[in-house]
Amino acid sequence: MHAHIITLPGDGIGPEVVAEGVRVLQTIAEKFNHQFEFEEHRIGGCTIDAYGTPLRDETLDACRRADAVLLGAVGGPKWDCGEVRPEQGLLRLRKELNLFANLRPVKPHPALTHASPLRAEKLVGVDVLVVRELTGGLYFGKPQGRFEENGRVRAVDTLEYTAEEIRRIVDLACRLAQTRRQHVTSVDKANVLASSKLWREIATETARAYPNITLDHLLVDTCAMRLISAPASFDVIVTENMFGDILTDEAAVLVGSLGMLPSASLGAGTLGVYEPIHGSAPDIAGKGIANPIGTILSAAMLLRHSLDLPREADAIERAVERALTDGCRTADIARPDERVLNTRTMTDAILARLTTEH
Ligand code: IPM
Ligand code: MG
């Protein structure tokens, strides 16, 4: 197949990990006889520096025309105090492409249990898919901003959902759960928030169309606790935008490192934005030591969800698993006595296992 892929390396370690994701996709193209064409654009702080805006209309148009987008990370201390923030570019990209669903799979690798602070027995059987609503909720409700009246300053954020926005994300969660263990946990704060009461109602109604699915409701604070105390009790979690943001950083603890986790942001069509859930990690940027696995697994999700190439996606995921089983480690997941690979050599190790696969 022929596919046009936009890369948005962004800031910090973004360019380092995206380069490796591209290398993996190129290897897949050779091995499986596809043609992937890459077009690089800017996003985030580096774009603010060059153009005064974190996302240009040209870039947005290029993404709309593409088959898929592979993104690194945005942000950094340099832009923390500015009026325009790098993160606005990412939020605008998600919103304008209508990517309402953010899929974040969390499945600890058995060879990495040492990297998690949780006891190994807690991690047995953990396989969670968080479905985070991505274009509504607290990140996008209006009014939002800082207001001044009679010399008094206030700042406002609004958590708003329409029934339709809730329905489409819960519906997707149910469909995804059908291919897994048929269990959806809808996470809200229905004991306090009006938007959550509607969320719970619509979730219940939506799940009725899926008689084989078990739907539970959990308050977000309880969910935060259960993710650590009983992580194996979850299959699919579906939740509001900011709840999902917070819970997925927490869930990363199960895997041992934020550097391991991929994500897919999807809309109604096949176009998607794929990015590791870690940020720009300014403390290690430029050193070439970042864990590329979050991005490489995001590339696998790109193949599966946007290009409908599940065999190729499986091949990448198996190569990553084999590399980890064989003891390949970047610094974030290594024991003190283990040999440490860098961003490039870890990718080499994965590529070696990809090309020797049958
Ligand atoms: C994420 C990030 C972003 C978010 C930031 C960078 C705006 O934390 O993708 O989880 O909050 O959505
Ligand atoms: Mg986050």
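Predicted model: local features only at pLDDT ≥ 70, side-chain atom pairs only at ≥ 80, totals over all residues.

Student: Fine. How does one go about finding empty space in the first place?

Tutor: Rolling a probe the size of a water molecule over the atoms shows where empty space is left. Here, the largest pocket has a volume of about 1,100 Å³.

Student: Which residues lie closest to the centre of the largest pocket?

Tutor: Pro105, Arg180, Met301, Arg304 and Glu317, out of 34 lining residues.

Student: And which elements supply at least two residues each to that lining?

Tutor: There are four to look up: strand 4 (101-106), helix 6 (163-178), helix 10 (293-305) and helix 11 (310-325). In terms of domains, at least three lining residues come from domain 1 (1-100 + 257-358), and at least three from domain 2 (117-255).

Student: What about the classes of residue in the lining of the largest pocket?

Tutor: Count 21 nonpolar, six polar and seven charged residues.

Student: Now the second largest pocket. What is its volume?

Tutor: About 600 Å³. Its lining has 27 residues, and those nearest the centre are Val74, Glu87, Leu90, Tyr139 and Asp245. Two or more lining residues come from each of strand 3 (68-73), helix 4 (86-96) and helix 9 (241-255).

Student: Which element gives the largest share of that lining?

Tutor: Helix 4, with five residues. By class, the lining of the second largest pocket splits into twelve nonpolar, six polar and nine charged residues. Domain 1 (1-100 + 257-358) and domain 2 (117-255) each contribute at least three residues to this lining as well.

Student: How far is an oxygen atom of ligand 1 from an N or O atom in the side chain of Tyr139?

Tutor: That distance is 2.6 Å. For the side chain of Arg132, the oxygen-to-N-or-O distance is 2.8 Å. The side chain of Asp245 also has an N or O atom 2.8 Å from an oxygen of ligand 1.

Student: So much for open space. How many cavities of 30 Å³ or more does a search of the whole structure find?

Tutor: One. The space inside the largest cavity comes to about 40 Å³. Its lining is made up of Leu159, Tyr161, Val187, Asp188, Ser195, Ser196, Trp199, Glu240 and Phe243. Strand 8 and helix 7 (194-207) each give two or more of the lining residues.

Student: Which element has the largest share of the cavity lining?

Tutor: Helix 7, which provides three residues. As for classes, the cavity lining divides into five nonpolar, two polar and two charged residues.

Student: On to the backbone. Which residues are joined by a cis peptide bond?

Tutor: Look at omega for this one. Lys142 and Pro143 are joined by a cis peptide bond, with omega at about 5 degrees. Pro143 is part of strand 6 (residues 141-149).

Student: And for phi, where should I look?

Tutor: Look for positive values in residues other than glycine. Gln182 has a phi near 55 degrees and is not a glycine. You'll find Gln182 in the loop between helix 6 and strand 8 (183-188). Asp308 is not a glycine either, and has a positive phi of about 55 degrees. Asp308 sits in the loop between helix 10 and helix 11.

Student: Why does Asp308 count as exposed?

Tutor: Because its relative accessibility is 61%, and exposed means over 50%. Gln182 counts as partly exposed because its relative accessibility is 28%.

How values were computed. Residues numbered from 1 in each chain as written. Chains lettered and ligands numbered in written order. Heavy atoms only, no water. 1 Å grid on protein atoms, 1.4 Å probe; cavity = no way out; pocket = protein on both sides within 12 Å on 5 of 7 lines; lining within 4 Å. Points joined across faces, edges and corners; volume = space filled by probe spheres on them. Nonpolar A, V, L, I, M, F, W, Y, C, P; charged D, E, K, R; others polar. Domains from an automatic or database assignment. Buried < 20%, exposed > 50% of the residue type's maximum accessible area, 1.4 Å probe, protein only. Polar contact = N/O pair within 3.5 Å; in protein donor to acceptor, adjacent residues only side chain to side chain.
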